[in-house]
Amino acid sequence: MIRPLGVAGLLLLGACAPSLPPVPELRTVPGAWTINPTAIAPGVEDRWWLAFADPVLTDLVVAADLGDDPMIAEARLMEAVSRLESARARLRPELAAAGEGEAGRIDGFEQDQIRSLLSLAWSPDLNGAGAARARAAMAAVSAEAARVAAVRQATRGTAVGLYIALREAQAQAAAAERSIVALSGALALAESRERAGLTSGFDRVATGAQLAAARVRPSRALEAETTARLGLEALLGLAPGALDDRPGDRREPPSVAGPDVLLVPAAVLARRPDLIAAEWDLAVTGYEAEAARRDFWPTVSLSAVLGAQDIQPETPVLMSGGLARAGAGLASPLLSFGRLGSARDAADARRRASALTYRQAATRALAEVERALAATEGSRQRLTTLEEVRRLGGDRLTLASSRYRAGLTTVLDVLAAEEALADSDLALASARAEAARAHVALSLAMGLGTSTDSGLDDFAPRSSPVRQVPRA
């Protein structure tokens, strides 16, 4: 029997582990943004892509949710759930059954033995290290659940960005084709005026040269459209060419119907899934550091065996009958040659690194929102200006064409007006796409787009472990 004084001595030896050291905290979070500080949305629509009011885009978001990247993230979440169950199982007793048979012969004496045993082993978590590791595994599950949301958010943003690039290329191709049609008409007019003797061959040559240069633009737009389409197909896990009929007919880049969602900085930090994952990673390292300290404490082991044996023939020493055995052990580390101390120091270093990573991610998230706000304001101003430029360019071309038909000006004025209008059409398509991308960037920076509902009434999200594991 172990004396109570000895047990108390072991507990006191284990209690020498120090408490967790402090880690760097988050920097001061501002109360408002430097750009547009007073525009705070009263309500939040997590499905930011619905602001485009584009059913084709919404359908692509649904398809992106079923892509490979979200499925990989969900598989990693299930792996973390399995590790949690394993950590919890180590806190429970272990029951095992065994059967043995033996036949022997010694100096002509033969004996057969048959045993059936039921053993129970349990190591009560006296020092709490097992419970701390189980809490670390639970925090790891929450971190992986947040990463699933982050992957879902990023995949949706990538799908929408590629769709915007596709529409931008299609709009530029349409603008280039309109310019070719207009220049073809101008060339026909120049040829007719030359045949009538009203102009020299210069008008025909100059118009033909500009028409030849304009025919290059559709090929560039087609290349950009193909690149965006292939990117969408790769993201959705489709073979090249599978989206040929998917995005519908050509149209302008999608535009946002309504104001952007703007949350206060503290709300952004609380919503962003990457920050939630980093915060849970910090919790994981904290529990692991706690477990490393509790490893200095004593451990208890309990065991029991029940069974029966049949021995033929019996001897005074070995007889048939029941078996029962019970035992208990108490151990405490006295000299580990630095193993436990090194493990504790390594856990502390990981915890400090996680705290710094979390703080760095939070700082970058706030800066990302500020950049997105600046890009949003700038893109809207450029779009408004270019729309006015496009309107004035159309008026200029109409006036120049009328004056040329009346013989009041040369074809150079018409060509200059046509070139300026074509350039403004291309710039306007790019500005609309830029404004749409700014909305995407701002929404992602705000932490929106993590909902499992993609926005289609007839879409039933598949079963996901994210809904089975609470975030906090």
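The legends below describe close-up views of a predicted model.

**View A. The largest nonpolar core of the predicted model, with its most connected members.** This core holds 41 residues, and among these Trp33, Phe52, Val160, Val369 and Met446 touch the most other members. At least two residues of the core are supplied by each of helix 2 (55-65), helix 4 (129-195), helix 6 (217-236), helix 7 (265-271), helix 8 (273-294), helix 9 (339-405) and helix 10 (411-445). The largest share, seven residues, comes from helix 9.

**View B. The surroundings of Val369.** When residues up to four places away in sequence are not counted, Val369 touches Trp33, Val268, Leu442, Ala445 and Met446; of these, Trp33 and Met446 are also listed with Val369 among the core members that touch the most others.

**View C. Another nonpolar core, apart from the one in View A.** This core consists of 15 residues, including Leu187, Ala190, Ala206 and Leu397.

**View D. The packing of helix 4 against helix 5 (residues 201-214).** The axes of the two helices come within 9 Å and cross at roughly 165 degrees, which means that helix 4 is roughly antiparallel to helix 5. The crossing of helix 4 and helix 5 is left-handed. On the side of helix 4, the contact is made by Ser179, Ile180, Leu183, Ser184, Ala186, Leu187, Ala190, Glu191 and Glu194, while helix 5 contributes Gly201, Asp203, Arg204, Thr207, Gly208, Gln210, Leu211 and Ala214. Sorted by class, the contact of helix 4 with helix 5 comprises seven nonpolar, six polar and four charged residues.

How values were computed. Residues are numbered from 1 along each chain as its sequence is written. This is a predicted model: local features need pLDDT of at least 70, side-chain atom pairs count only at pLDDT 80 or more; totals for chains, interfaces and linings use all residues. Side-chain values use heavy atoms; hydrogens and water are left out. A nonpolar core is a set of buried Ala, Val, Leu, Ile, Met, Phe, Trp, Tyr and Cys residues joined through side-chain atoms within 4.5 Å. Buried means under 20% relative accessible area, exposed over 50%, partly exposed in between (1.4 Å probe, protein chains only). Helices (H or I, at least four residues) and strands (E, at least two) are DSSP runs, numbered from the N terminus. Contact means heavy atoms within 4.5 Å. Axes are lines fitted to C-alpha atoms, for helices over the stretch in contact, and angles run from 0 to 180 degrees between N-to-C directions. Angles under 35 degrees count as roughly parallel, over 145 as roughly antiparallel, 65 to 115 as roughly perpendicular and the rest as oblique. A crossing is left-handed if the near helix is turned anticlockwise from the far one by less than a right angle, and right-handed if clockwise. Ala, Val, Leu, Ile, Met, Phe, Trp, Tyr, Cys and Pro count as nonpolar, Asp, Glu, Lys and Arg as charged, and the others, Gly among them, as polar.
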